[in-house]
Structures are given as C-alpha cells and as structure tokens.
Amino acid sequence: MDDLVEFLIARISDDHHAYAYVAGTLGAGALLDSHLPMLDLIEQLANDCKAMDASDSRSAGLAHALRILGQSYAEHPAYQQEWRP
C-alpha cells in the first residue's frame, strides 16, 4: 500500500504543477472549474493512510478507496496492476 500512496502523491504533485502552468499561461480564471479541490482531498486521504496504523478499523476501507482513486492514473507507466481493487 505504501507504494500506491507514494505513487498517488507523486501524481497529484504532477497535476498541481500542470494546473500551475495553466494558471500562469492562461490566467487564474482558467482554473475556475478545476479539479484542484479534489486533488487536495485525495492527497489528504493518502497522507492519512500513511499515518494510520494497520490495526485501525478504517484502514481497509481507506486502502480500497485509494485503489479506486489510483485507477484514474492506470495509464501512467509507473502504475502497477496489483493496485487494482
């Protein structure tokens, strides 16, 4: 699970950089309907997963949610098929 969490955090960072580039190029108005709030929430879940003890009753559900969210990056070359839910 640690590998998936690190993968998601890296992809979210990449997405943030892409959004910053768009905002810098086209202006902040280009981001009005962006996915930035969703990326922030996914990053928060990934960080929560890193900090959560495996014995926590919520860990299985959170791990499943991160596997589902990770599928949006399934075409990335670093995505691992064993992460599929």
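Among the contacts in the protein (heavy atoms within 4.5 Å) between residues at least 6 apart in sequence, 54% join residues at least 24 apart. This is a predicted model, in which local features need pLDDT of at least 70 and side-chain atom pairs count only at pLDDT 80 or more, whereas totals for chains, interfaces and linings use all residues. Residues are numbered from 1 along each chain as its sequence is written, and side-chain values use heavy atoms, with hydrogens and water left out.

The protein has three helices and zero strands, where helices are DSSP runs of H or I with at least four residues and strands are runs of E with at least two; from the N terminus on, the order is α-α-α. Along its principal axes, the C-alpha trace spans about 45 × 25 × 15 Å.

Of the 85 residues, 27% count as buried, that is, they have under 20% relative accessible area with a 1.4 Å probe, protein chains only. The accessible surface, from the Shrake-Rupley method with a 1.4 Å probe, comes to about 5,500 Å², and 56% of this belongs to carbon and sulfur atoms.

Turning to the aromatic residues, a search of the whole structure finds four aromatic pairs, a pair being rings of Phe, Tyr or Trp (its six-membered ring) with centres within 6.5 Å. The rings of Tyr79 and Trp83 have centres 5.5 Å apart and planes at 85°, so this pair is edge-to-face, the term for planes over 60 degrees apart.

Key. Buried < 20%, exposed > 50% of the residue type's maximum accessible area, 1.4 Å probe, protein only. Phe/Tyr/Trp six-rings, centres within 6.5 Å; stacked < 30°, edge-to-face > 60°.
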